[in-house]
Amino acid sequence: MPDVSDPVLEVVGLRKTFGDVVAVEEVSFAVRRGGSLAIVGESGSGKTTVAKMVTGQERPTAGTIRACGRDRSAPARGGAERRLRGREVQIVFQDPYSSLDPRQPVDRAIDEVLRLHRPDWSAPQRAERVVELVGMVGLDDRQGSALPRALSGGQRQRVAIARALAAEPEVLILDESVAALDVSIQAQVLNLLIDLRERLGITYVLISHDLAVVRQLTETVVVMHRGTIVERGRTEDVLDAPQHDYTRRLRASVPTPGWDLAAVRRALHETRPVRPLTPSC
Amino acid sequence: MNHPESAPLLEVDRLGLDLLVGGVHRSVLRDVSFSVAQGEAVGLVGESGSGKSMTVRAIDRLLPAGARQRGSIRFDGKDVVSLSGAALRSYRAEVAVVFQDPRVHINPVRRVGDFMTEVLRTNRSVRRRDAGARAVEMLAKVGIPDGERRLDQYPHELSGGLLQRVMIASTLLTAPRLLLADEPTTALDVTTQAEIMGLLDELRSDLGLSILFITHDLDLAAAVCDRTAVMYAGEIVEVRESRLLHDDPLHPYTAALGAARPLLDRTARLVAVPGRPLSALEAPTDGCAFAGRCPYVEPTCTSAAPVLVPADGGAARCVRVEALRGTLGGVPHA
């Protein structure tokens, strides 16, 4: 996205190869502070690989990543640097069942993050902040001291969000964070995310295949296909008037009443996607 | 292809089901009634724990040990519950299941051709070479032109969408009349989902196949099914023509499901139902299961279990159906 003033996250010419396979090629985007960007794509598009490079789980083959004005293209040197990066970017994963330690009660899981990022805080200070965070994501005190197994999928995802927010990050990466939730629960979590951004001024990067969720949560979007960005723009412009062939196909694949399945199928056959073999995503 | 006036192919009547949970029988399905006509696509929509998958299992006779069943399931006029032996095998050939994640239901070390032709070879005594030829024919029908090559491949060599098409082709080999599609596209990409749904629709019109389509996605059901039944906590709360159910719901839960989904063409604050979906195991027996989350709740809602009230060519399980009719709004068209 050119001409983003005050970018909090800026990615330039990102490339990632696994052996001979190019998973990500020439990916550049920027998000303004307090903004919200969606990276849209299907499996094999490279969207998750981009997210992993931003969080530092994967090292870029080429290109640069800057968050809060500091370069993070190379691995962090030492614990202090890692913690600093943790206060810049946090991530909430798709599956709330596997991203929490099953033996750790909610309040201890959040306290653990505070101990890491706020070593100067006293125990009562941290406890007060835990209560605040638990309330902020809409959980009650009982749920705040429960083990993950006593919580539903939606409640666990709230815990994962509270835990990410404990580090007070500038950027929150939402990697399909609402995709596995039941529809009625998904609506609650989407509303929560919208409220949190308004309240905290936090920046979102949403990784998603769900165009309706993208519309609900983001102001700008990049569409990825086979490792590269094929379209970018304001979310409403891209969804209302998609320019690239692939974006059009994606848009036409969303089920609506009166869906002309025969037409959808014909369109898909004309331009059948060839899936690149990427080891991730 | 719709013949709603003729006798339905599948008729589920007041199906009730208790499962053994920790040594005690607990009710998971109550008073589930619906039918699927020849060539009709019916959607069964619900969130986790609503009982939609258990309904499919009851229809396919795949219930866990100790299950207690009430009511009846009839296929082509015959009682399904009493089938055994050869009759059950031939029923299963006529009623095929397509599952959500083909990789869970497939033996990873057997080649595609081997599992595709197994039923033909073992149950129908078709010779291997003939069975292979029929498999290639079916693969072509589901849009896989190079069937010969695919038969020699292993499941891990195929993408999710391709493997799901292989699964559909293999169910077609026994010439089924009813397809039980249990979230067949949930694990797939959006464009692949559209392709699989297009394929199922094509099979329905070409072969007169009936489809019971199980999904959590009301929009998807409305887009591809003639009629849709919405399940909540082990009961059907509304069953109607899909378009009506989507645009002008009669049950507050159906309306809530519609309002909870973000829209593609505009942004508006989502109307989120408070609380979480009740599982069938937790449902009260003396009142409406949705009452605790319903914005229209009245004292009568919790004093007796509501029954399905016929309305607008369908039925809704709500004591306030007359009072609320036309007020619940629908999902605006995207």
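I began at strand S7 of chain A, where A:Leu174 is the bridge partner of A:Val92. The model I am reading is a predicted one.

**Sheet of chain A**

S6(A), residues 89–92, and S7(A), residues 171–175, run parallel and are joined by four bridges. I then checked which way the side chains of S6(A) point. A:Val89 and A:Ile91 face one way, A:Gln90 and A:Val92 face the other, and all are buried.

On to the next strand. S7(A) is also joined to S8(A), residues 203–208, by five bridges, and this pair too runs parallel. Here I noted A:Tyr204 of S8(A) as the bridge partner of A:Leu172.

I traced the whole sheet next. It is open, has six strands in the order S6-S7-S8-S3-S9-S10 (chain A), and its pairing is mixed. S6 and S10 (228–234) of chain A each have a single partner strand, so one side of each has no neighbour in the sheet. From one strand to the next I find an average twist of 20°.

I looked for what covers this sheet. Helix H1(A), residues 47–55, lies across S3 (36–40), S6, S7, S8 and S9 (220–225) of chain A, and it runs at about 150° to S7(A).

**Helix H3 of chain A**

I checked the length of H3(A), residues 106–117. Its 12 residues should span 16 Å at 1.5 Å a residue, and the end C-alpha atoms are 17 Å apart, which agrees.

Which residues of H3(A) are buried? I list A:Val106, A:Asp107, A:Ala109, A:Ile110, A:Asp111, A:Val113 and A:Leu114. An α-helix has 3.6 residues a turn, so residues three or four places apart point the same way. The buried residues pack against H4 (123–136), H5 (141–144) and H6 (153–166) of chain A.

The axes of H3(A) and H6(A) are 8 Å apart and the packing angle is about 20°. Angles under 35 degrees count as roughly parallel, and the two helices are therefore roughly parallel to each other. The crossing of H3(A) past H6(A) is right-handed. From H3(A), the residues that meet H6(A) are A:Val106, A:Ala109, A:Ile110, A:Val113 and A:Leu114; from H6(A) they are A:Val159, A:Ala162, A:Arg163 and A:Ala166.

For H4(A), the axis comes within 10 Å of that of H3(A), and the two cross at roughly 120°. That makes H3(A) oblique to H4(A). This crossing is right-handed. The contact includes A:Asp107, A:Asp111 and A:Arg115 of H3(A), and A:Arg126 and A:Arg129 of H4(A).

**Sheet of chain B**

I moved to chain B. Four strands form an open sheet there, ordered S2-S1-S4-S5 (chain B), with antiparallel pairing. S2 (24–36) and S5 (78–79) of chain B stand at the edges with a single partner strand each, so one side of each is left without a neighbour in the sheet.

I looked at the S1(B) and S2(B) pair. S1(B), residues 10–21, is antiparallel to S2(B) over nine bridges. B:Leu19 is opposite B:Arg26 of S2(B). Helix H1(B), residues 52–59, lies across S1, S2 and S4 (68–75) of chain B, at about 110° to S1(B).

**Between the chains**

Last, I looked up the interface. How many residues of chain A are in contact with chain B? I find 36, against 37 residues of chain B. The elements of chain A giving two or more residues to that side are H7 (183–200), H8 (211–217), H9 (235–240), H10 (245–252) and H11 (261–270). H7(A) gives the most, with eight residues.

Note on methods:
Residues are numbered from 1 along each chain as its sequence is written. Chains are lettered from A and ligands numbered from 1 in the order in which they are written. This is a predicted model: local features need pLDDT of at least 70, side-chain atom pairs count only at pLDDT 80 or more; totals for chains, interfaces and linings use all residues. Two strands pair if DSSP finds at least two bridges between them. Two residues are in contact if their C-beta atoms, placed from the backbone, lie within 7 Å. Axes are lines fitted to C-alpha atoms, for helices over the stretch in contact, and angles run from 0 to 180 degrees between N-to-C directions. The expected span of a helix is 1.5 Å times one less than its number of residues. A residue is buried if 20 or more other C-beta atoms lie within 10 Å of its own, exposed if 12 or fewer, and partly exposed in between; C-beta atoms are placed from the backbone. Angles under 35 degrees count as roughly parallel, over 145 as roughly antiparallel, 65 to 115 as roughly perpendicular and the rest as oblique. A crossing is left-handed if the near helix is turned anticlockwise from the far one by less than a right angle, and right-handed if clockwise.
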